[in-house]
Amino acid sequence: MRSRRFPQLLFPFPHGKGLGVRFLASVTVPVLIALLVVSIAAAQTPIPTPSASPQNPLDIEVIGLRNDSGEVGCSLFNDAQAFPRDDSKVLRHVWTPIHAGKAVCEFTDLAPGQYAAVVFHDENNDHQFNMNAFGMPMEGYGFSNDAAALFAPPDFKSAAFTYNGTHLYIVINIRY
């Protein structure tokens, strides 16, 4: 009986046993080198990340406005300590007109991150959020995530949302 001679194997299996795949040492080394080169090249290729862009705005639609008088003010915060009352730490604020009981505030050139929004219906167009002598709102207001204001404004965590750098459209229902 003639003995069969097998080429040198990197992972030798006894002849006729095992379910593994046999790899020739002379083939495996160049394949491993090629995989290493490809992985190094892929690691050096920059992966695009979302960034501030006017083509990818954050749009906030405010709905449920009781009339088209005045404007809607939208304030955007990225600081939990300042939210929602510290006007000196508002990241951005925009005024927008009202049409058919709706308004859309657009924020451009935003970096990806966590934000929370406050909106109000400035019916008398004085650019202030008017409250009565007891501190109760006299104008409509709302928060991102439609966070509830029960005896006090919601905290940042309740109103926070993530903007990842791509176009985001959120809706806030106004409360009177």
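How many of the residues of the protein count as buried? Of its 176 residues, 30% do, where buried means under 20% relative accessible area, exposed over 50%, and partly exposed in between (1.4 Å probe, protein chains only).

Before selecting anything, note that this is a predicted model, in which local features need pLDDT of at least 70, side-chain atom pairs count only at pLDDT 80 or more, and totals for chains, interfaces and linings use all residues. Residues are numbered from 1 along each chain as its sequence is written, and side-chain values use heavy atoms, with hydrogens and water left out.

**Whole chain.** Show the cartoon. The protein has two helices and eight strands, in the order α-β-β-β-β-β-β-α-β-β along the sequence. Helices (H or I, at least four residues) and strands (E, at least two) are DSSP runs, numbered from the N terminus. Among contacts with a separation of 6 or more, 66% are between residues 24 or more positions apart; contact means heavy atoms within 4.5 Å.

**Largest core.** Select L58, I60, V62, V72, L76, F107 and V119. These residues have the most contacts inside the largest nonpolar core, which has 20 residues. Such a core is a set of buried Ala, Val, Leu, Ile, Met, Phe, Trp, Tyr and Cys residues joined through side-chain atoms within 4.5 Å. At least two residues of this core come from each of β1 (58-63), β2 (71-77), β4, β5 (113-122), β7 (161-163) and β8 (168-173). Another core, of 12 residues, lies apart from it and includes F77, V118, F120 and F143.

**F107 and strand β4.** Centre on F107. Leaving aside neighbours within four places in sequence, F107 is in contact with P57, L58, I60, C74, L76, R92, H93 and V94. β1 and β4 run antiparallel and are joined by six bridges; two strands pair if DSSP finds at least two bridges between them. In this pairing, D59 stands opposite E106.

**Surface patch.** Switch to the surface and select V104, Y169 and V171, which make a nonpolar patch of about 240 Å². Patches are made of residues with over 30% relative accessible area and no salt bridge, with like charges joined within 9 Å and nonpolar side chains (Val, Leu, Ile, Met, Phe, Trp, Tyr) within 5 Å. V104, in strand β4 (residues 102-107), has a relative accessible area of 39% and is partly exposed. V171, in strand β8, is also partly exposed, at 36%. Not counting residues up to four places away in sequence, V171 touches E61, I63 and D146.

**Salt bridge.** Which side chains meet in a salt bridge? Select E123 and R66, where the N to O distance is 2.8 Å. A salt bridge is a side-chain nitrogen of Lys or Arg within 4 Å of a carboxyl oxygen of Asp or Glu, and the structure holds one. E123 lies in the loop between β5 and β6 (141-143) and R66 in the loop between β1 and β2, so the pair ties together parts that are 57 residues apart in sequence.

**Last stop, N56.** N56 is in the loop between α1 (25-44) and β1, and is partly exposed at 25% relative accessible area. Beyond residues up to four places away in sequence, N56 touches Y163, G165, T166 and H167.

Conventions. Accessible areas come from the Shrake-Rupley method with a 1.4 Å probe; for residues, only the protein chains shown count as cover.
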